[in-house]
Amino acid sequence: MLTLVVMAFPVYWLVVSSLRPNREIRSWDQTLWPSSLTFDNFKRAVKYENFDTAIQASLIISVTAVAGAMLLATIAAYAIGRFRFTGRRALMIVLIVVQLLPPTAMLIPIYLQLNEFGALNEFWGIIIIYMVSTLPFATWMIRGFVINIPKELEESAMVDGCSQMGAFWRIIFPLLAPGLAAASIFSLINAWNEYMLAYIVLQDNDKYTLNIWLANFTTSRGTDYGALMAASVIVAVPVVIFFMIIQKKMAAGLTSGAVKG
């Protein structure tokens, strides 16, 4: 319970501050509950410059990156979990090692490569980065589900006339839903909340994601804390909604793929 309070309090303070008047936010006399509630902070936030384009950019980048990562990770996990080939163990080790390297540690090489391919200030450039950064973890997680699905299911489908790929899409892929749910929420959080790489790669205001857009509330004249808190709540809502939709499958995914049987 103590850990829950410590973890939940910043979120609670964020939501409460988004409903406080600015004069109360800047006051030294702070209370756990605002003396008066206001939605003016949200009104100022949504009317701020480039709000619509920031939402559009975040949705395009995050949805595309997650969908692409899940597709590639599923195919890679199936290949690693079902087939025996030369270099299979080395590939699995490389996946773990790559996952240990944060993308910010490779910022300069990534920037130079994107510049060489003309991907700077382009959505597809940052999408590729997000896809690659989540692939190792997603592949490992989904692989745990692949190896727990009996091969007899595929063999039965192939006896009935399915090809190897047909058996995969019709039989195996639907059974991977819990693993896909768990991996997709991780990928979405990574793509939706990332700031540094997006700030370096995307250079036009109309292409900034929501996390970069939040920086606009801090200017040389000060910080509009009320609007900033309200905008932060708005940014967090899509991930919370997505999590609530797939939470049952995610809970199953975090456990059923962990053991063999």
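Reply: Let's begin with R82, which is buried because its relative accessible area is 9%; buried means under 20%, exposed over 50%, and partly exposed in between, with a 1.4 Å probe and protein chains only. Bear in mind that this is a predicted model, where local features need pLDDT of at least 70, side-chain atom pairs count only at pLDDT 80 or more, and totals for chains, interfaces and linings use all residues. Residues are numbered from 1 along each chain as its sequence is written, and side-chain values use heavy atoms, with hydrogens and water left out.

Me: Which side chain meets R82 in a salt bridge?

Reply: In general, side chains of opposite charge can pair when their charged atoms come close. The rule here asks for a side-chain nitrogen of Lys or Arg within 4 Å of a carboxyl oxygen of Asp or Glu. R82 pairs that way with E154, at 2.4 Å from N to O. The two sit in distant parts of the chain, E154 in helix 8 and R82 in helix 4, 72 residues apart; helices are DSSP runs of H or I with at least four residues, strands are runs of E with at least two, and both are numbered from the N terminus.

Me: Is E154 buried or exposed?

Reply: E154 is buried, since its relative accessibility is 4%. Its contacts (heavy atoms within 4.5 Å) include Y78, Q164, A167 and I172, leaving aside residues up to four places away in sequence.

Me: How many salt bridges does the rule give?

Reply: The count is 4. One of them joins the side chains of D224 and R44, at 2.9 Å from N to O. That pair is 180 residues apart, with D224 in the loop between strand 2 and helix 13, and R44 in helix 3. D224 counts as partly exposed because its relative accessibility is 22%, and R44 does too, at 30%.

Me: What should helix 9 span, going by its residues?

Reply: You take 1.5 Å times one less than the number of residues. Helix 9 has 12 residues (164-175), so it should span 16 Å, and its end C-alpha atoms agree at 16 Å apart.

Me: Which residues of helix 9 are buried, and what do they pack against?

Reply: An α-helix has 3.6 residues a turn, so residues three or four places apart point the same way. In helix 9 the buried ones are G166, A167, F168 and I172. They pack against helix 4 and helix 8.
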